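Okay, thanks for making time, everyone. I'd like to talk about aromatic rings today, so let me put the model up.

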Amino acid sequence: MDLPARDPPTIAILGAGIGGLAVAIGLIKRNVPVTIYEAADRFSLVGAGIGLGPNSLNAMDLIDPGFREKYEKVKTRNERREFEHSVFDALYAEEGFGEKRGWTRGLIGAPYFTRSSAHRKDLLEIMQSFIPKDAVRFGKRARSVEQVDNKVLIEFHDDTSETVDAVIGCDGVKGITRGAVLGDIAPEEVQPTFCGMYIYRGIIPMEQAKEILGTHAGDAKFFMARGKGVAVYPISQGREENFVFFVEQSKPWVHGDTAVPCTKEEMIEDLKGFDDRLLKLLDYARPLRWPTWHHPKTSTFYNGRVCLLGDVAHACTPHQAAGAGQGLEDAAVLSHLLALVRTPDEIEAAFQAYDAVRRPRAQKVVVTSYEAGLLYTWRHPGIEDNMSGIVENANQRLHWIWQHDLGTDVKTAEDNFYKSGSQAE
């Protein structure tokens, strides 16, 4: 049972995305007061599809069983029973999808795995339902986060400020809290690294997807080629199909943070050699090149009273469908620890215990997700375009993510918290 707070700390969460909402849900469930500061003027429901493995669902349970219960009602599975336990079916992107080579199927998955995905909008709507209105302040884009006398001063772009006992940074891959944590410790790690790949993405109504892809629509597929590929999978309980094209770029990304406009002709040229059916999906994609970023090295997830969670801590490529799940795991561990904190002086001990448990695993996900991106675009040394080798590798690389015992992590973190004397030095 959680101990009653003697002098409950004031905790600010910066960012109301999946990570920020998840840790807020966990804290609210445990009666820990928290305020979310969100830059936008309302909850954002933009985004595309999100894949969640068994570890993600376990994290939901630990955050709040009601969260998992609500998600189960909106999740999307593969349509056909033969793909029920498949995260995706690996096929060629070339004309015929590999049939001319005799390749008709390359299932990646496990008997214990059930494909689960959702539209980001549906997931966020569920999460928002757990957050009281007075726990969120919109239009609060942080300009700076600074630690002063065992407090954290947050200054916002609207020229207001807040002073709190702790900040949980959930402000995305390029969030300013990363600088607040790493700026003095490892400044070279503050900025994310370009993954050498940009994407085209979109959502197509399932009816149209089936007109284009036939029986290949409705179930998760990954069509592969050298230096490029496309993943497609159902969302919105089968009403829509999400698709993401990946294109290698060996040169540095010099266009800043945002997507770069392009023409339809440039998109098609990028995907030269793809089956025409795949190219037709581009009719439903905005002509934008989205850069992909990750954090391949992060020396610590906290510094004093500021802590990182989600993409700002461990952004990764989407090739293992593990990014959102890692944010949920963060939230499960951190919300449990902060519920044990009885005075502000114990915050750093909680952050330290969180860092010790979460950082090694999350960093491994970053590294292996990048490797998976190489594998699925035929650039993995020693495997290249050997599809049988790709399938064999892929079928071994995900179990440690999916089958992880998060409950043991929570217990280990709690033990570490108490072993520290529950007092920051």
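Lys 364 lies over the face of Trp 400, 4.3 Å from the ring centre. By "over" I mean NZ of Lys or CZ of Arg within 6 Å of the ring centre and within 35 degrees of the ring normal. Lys 174 has its charged end over the ring of Trp 293, at 3.8 Å from the centre.

Quick caveats: this is a predicted model, where local features need pLDDT of at least 70, side-chain atom pairs count only at pLDDT 80 or more, and totals for chains, interfaces and linings use all residues. Numbering starts from 1 along each chain as its sequence is written, and side-chain values use heavy atoms, with hydrogens and water left out.

Now, ring against ring. How many aromatic pairs does a search of the whole structure find? It's 20. Rings of Phe, Tyr and Trp (its six-membered ring) pair if their centres lie within 6.5 Å; planes under 30 degrees apart are stacked, over 60 edge-to-face, the rest tilted.

Take Tyr 92 and Trp 103: centres 6.2 Å apart, planes at 85 degrees, so edge-to-face. Tyr 92 is buried at 7% relative accessibility, and Trp 103 is buried too, at 16%; buried means under 20% relative accessible area with a 1.4 Å probe, protein chains only.

Phe 194 and Trp 293 are edge-to-face as well, because their centres are 5.8 Å apart and their planes at 65 degrees. Those two residues are 99 apart in the chain, and both are buried.

Note on methods
Buried means under 20% relative accessible area, exposed over 50%, partly exposed in between (1.4 Å probe, protein chains only). Helices (H or I, at least four residues) and strands (E, at least two) are DSSP runs, numbered from the N terminus.
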